[in-house]
Amino acid sequence: MVDLKGQYDRIKTEIDSAIQSVIDSSVFIRGAEVISFEEELASYLGIKHVISCANGTDALQVALMTLDLNPGDEVITTDFTFIASVEVIVLLGLKPVFVEPEPDTFNISPEAIEKAIGPRTRAIIPVHLFGQSADMEEILKIARKHRLYIIEDAAQATGTEYIFSDGTRKKAGTMGDIGCTSFFPSKNLGCYGDGGAIFTGDDRLAKLARSITNHGSTRKYYHDDIGVNSRLDAIQAAILRVKLRYLNEYNIARRNAASFYDRQLSQTEKVISPFRSNKSTHIFHQYTVKTDPGNRDGLKNFLEERGIPSMVYYPVPMHRQKAYSFLNPDNDAFPVTDALCSSVLSLPMHTELNIDQLKYICDNIYKYFEDNS
Ligand SMILES: *Cc1c(COP(=O)(O)O)cnc(C)c1O
């Protein structure tokens, strides 16, 4: 699905010297590398503050902790996402309210958000899924109207741009009150271990987020807030500083691979290529096609037998996750997510895909449908 070794080989000298310089300095926690990375990412994103932390899940948790939310308050999020967006809500004693995605973009439906708003709703967590931004202009309008916080989960969208109706562009994660991302190795901006970050334009939230990631402390051994221990290692920051310089190039490489898939797969009606919204750029964290549920698993196995990996993101919607069954969701209320979970398939997508590999993958997709029609 990814080729992190191939990517490393092309920037090996820069990465190796960045790692070595951290070891030589022996400043492993915080320090200049971390501060420089935060500043460089803030400048790339066009946001005032970036606060790094240990992973994307922590970023979401810390973001929620900075807001004045009380146990039982409701947080609306999408039913079609990775579990991290939901577990932090529950861990903080808040109540997740799942809503359906749009069937074409896979992103949270603004209409569904509006319908789910109740007297205890306090926040919305839109997830910019697979590399494309959720419809932030609509979501911002809803949030303003109902006085709700927005925490953007941009773990799959570092570098994605949302395009407002007046043509203004903003980076995913910089439009709500707080944005969160992950530097998990396979993300578009990935490190060589775990990492994450919080973005905000609000000085007060930034200060609080920084304190919370550091045991609720801004002065050693004085704790003004209840915090956690969540920090980015200096070695990871040094690696990320190198990789940030390549991020645009990497996202273009993914987009080129996606265009190749689009062209090849347009020759078969059995596979629907990812929808491209005119309100967002797409950085293809995943290239996720839809096929009919009767063929999805057969296709996946067929590809696997020919050495082609593919993945189902996500096989089980949030409302059907066992751990969260205590929320008593109405299982009939999510037909869109249920349909997506049985029809989506993500194909290999990374910065090192070449034409031969892409051709081989597409040829085998046709072959499956020739054999099974
Ligand atoms: C990866 C991911 C996360 C969590 O990031 P970690 O760094 O793995 O904790 C959260 N939300 C989404 C949508 C993700 O894809």
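The largest pocket has a volume of about 460 Å³. Of its 27 lining residues, those closest to the centre are Phe-82, Gln-156, Phe-184, Lys-187 and His-285. The model is a predicted one.

**Largest pocket**
- Helix H3 (56-66) and strand S8 (178-182) are the elements that each give two or more residues to the lining.
- The lining divides into 12 nonpolar, 11 polar and four charged residues.
- Domain 1 (4-99 + 107-244) and domain 2 (247-371) both contribute lining residues, so the largest pocket lies between them.

**Second largest pocket**
- The volume here is about 200 Å³.
- Helix H2 (32-45), helix H7 (203-213) and strand S10 (217-219) each supply at least two lining residues.
- The lining includes Arg-30, Glu-38, Lys-207 and Arg-210.
- By class, the lining has two nonpolar, five polar and four charged residues.

**Helix H6**
- Helix H6 spans residues 136-146, and its buried residues are Met-136, Glu-137, Ile-139, Leu-140, Ile-142 and Ala-143.

**Strand S1**
- Four of the five residues of strand S1 (residues 49-53) are buried, so the rest of the structure largely encloses this strand.
- S1 runs antiparallel to strand S9 (residues 196-200), and five bridges join the two.
- Ser-52 stands opposite Ala-197 of S9.

Definitions and conventions. Residues are numbered from 1 along each chain as its sequence is written. This is a predicted model: local features need pLDDT of at least 70, side-chain atom pairs count only at pLDDT 80 or more; totals for chains, interfaces and linings use all residues. Side-chain values use heavy atoms; hydrogens and water are left out. Buried means under 20% relative accessible area, exposed over 50%, partly exposed in between (1.4 Å probe, protein chains only). Two strands pair if DSSP finds at least two bridges between them. On a 1 Å grid over the protein atoms alone, a cavity is a set of points where a 1.4 Å probe fits but cannot get out, and a pocket is an open set with protein on both sides within 12 Å along at least five of seven lines; lining residues have an atom within 4 Å of a point. Grid points are joined across faces, edges and corners, and a volume is the space filled by probe spheres set on the points. Ala, Val, Leu, Ile, Met, Phe, Trp, Tyr, Cys and Pro count as nonpolar, Asp, Glu, Lys and Arg as charged, and the others, Gly among them, as polar. Domain bounds come from an automatic or database domain assignment.
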